[in-house]
Amino acid sequence: MLTAPQGNVEEGNKMSASLGGKKARKQDGFVRVRKRDLEKLTTEVMQLREFLPRVLNGDLIETLHKARAAQTMREHLAQEQDQLQQECLHLQSRLDAAQTECQKEREEKLLLREQLWQSGAELQQQADFCSGLGSAACSLLWSCSAKEDTVTHWLADGKLQSFLAIAAQTLESFVRSLDEEVKPQTEDHDSQDHQFVLALAGTITNIAAVTCGRDFLSGSARVLMDTLMKLLELMKPGVFPKLKVLMLMTLYNVSISVKGLKHISENPGLLPLIRTLLDDGDWEVCLHSLRLLQSVLLEEDAPPPLGSSLRDPELRARVGRLTSRAQPGLRLAAQQTLEDLRALQQGRGL
């Protein structure tokens, strides 16, 4: 058995001497250990001293590396967070500016829309005023043109050519703006625009009804005649028949002149146009188409294309269908035209 070290014994003796020879206290701090166990413990301690630092050092180094990496990552994340916060603040600032600008543009848009509406209303008022003024002025012209002296005075004044050019442009613009789907029952013929166009076309018709007027149209306004035929071709069946009647009356009045009849007859689209208008559905359009056809039939020296068109059985068939219409004037005109076609065919050997 082993005992405590000598040093400790000496210290114990000194303590006993200092207490005046009193008996030493029981030595509770010493433990008896077997030598074999002490050696085993010593061996284990030595092994721990040898291997524990290796394990602890490796784990510690790895832990330190991880800690440093974590610290670096934390700093990096902190920097990224700061950067994202800065970007967020910047984006928030831009968003606020964009919202402010959007609100400003919205208010400006509302203001512009209000101004546009006001301008549109004012423009519509001006358009209505101009339409009313034009309708009233052309109605006066239409009424005045019924007198031959007025037309003669217009020709002497030298302003009729420019008037007819403007009239042709106006009629063409109006006809091209007509809604092809509008049915005759729904047309507003009492509108100022329609009255304006009717008065304009009626004035031209009255000019053509005067001898000096039709001579002027035959020689100096042939473009107007071609325009009228083109517009009649563009207008769909049943659409604005009153305007069609006035334009057909103009062409008929011009055809009374030898030069006018020759110019109209040379138009290759004349007979196809008349053939189409004979099926218009409005009896007045059919009647004036027949009168124009009768006037063309008087042309003795008809151009070859016109003579070929007069041989068309479909033309005679359409004229023949009109002989059974209820209107007496239309029925009579159809019968006369059919007789003229037959006489023309027999006389020219067509």
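A: Let's settle one term before going in: buried means under 20% relative accessible area, exposed means over 50%, and partly exposed is anything in between (1.4 Å probe, protein chains only). Keep in mind that this is a predicted model, where local features need pLDDT of at least 70, side-chain atom pairs count only at pLDDT 80 or more, and totals for chains, interfaces and linings use all residues. Residues are numbered from 1 along each chain as its sequence is written, and side-chain values use heavy atoms, with hydrogens and water left out.

By those cut-offs, Phe174 and Phe240 are both buried. They also form the one aromatic pair in the structure. Rings of Phe, Tyr and Trp (its six-membered ring) pair if their centres lie within 6.5 Å; planes under 30 degrees apart are stacked, over 60 edge-to-face, and the rest tilted. Here the ring centres are 5.7 Å apart and the planes sit at 65°, so Phe174 and Phe240 are edge-to-face. The pair ties together distant parts of the chain, 66 residues apart: Phe174 belongs to helix H4 (residues 160–177), while Phe240 is in the loop between helix H7 (222–234) and helix H8 (241–255). As for what a helix is here, it's a DSSP run (H or I, at least four residues), numbered from the N terminus.

Most residues other than glycine have a negative phi. Phe240, though not a glycine, has a positive phi of about 50°.

Helix H7 also holds Arg222. Arg222 is partly exposed, at 37% relative accessibility.

Now for the surface. Patches use residues with over 30% relative accessible area and no salt bridge, joining like charges within 9 Å and nonpolar side chains (Val, Leu, Ile, Met, Phe, Trp, Tyr) within 5 Å. A salt bridge is a side-chain nitrogen of Lys or Arg within 4 Å of a carboxyl oxygen of Asp or Glu. Val31, Val33, Leu38, Leu41 and Val45 make a nonpolar patch of about 400 Å². Val31, in the loop between helix H1 (6–18) and H2, is exposed at 68% relative accessible area. A patch of negative charge gathers Glu101, Glu105, Glu107 and Glu108. Glu105 is in helix H2 (residues 35–144) and is partly exposed, at 46%.

Key
Areas by Shrake-Rupley, 256 points an atom, 1.4 Å probe, with all protein chains shown as cover. Lys, Arg positive; Asp, Glu negative; His and termini not counted. Charge placed at Lys NZ, Arg CZ, Asp CG, Glu CD. Helix = DSSP H or I, 4+ residues; strand = E, 2+ residues; numbered from the N terminus.
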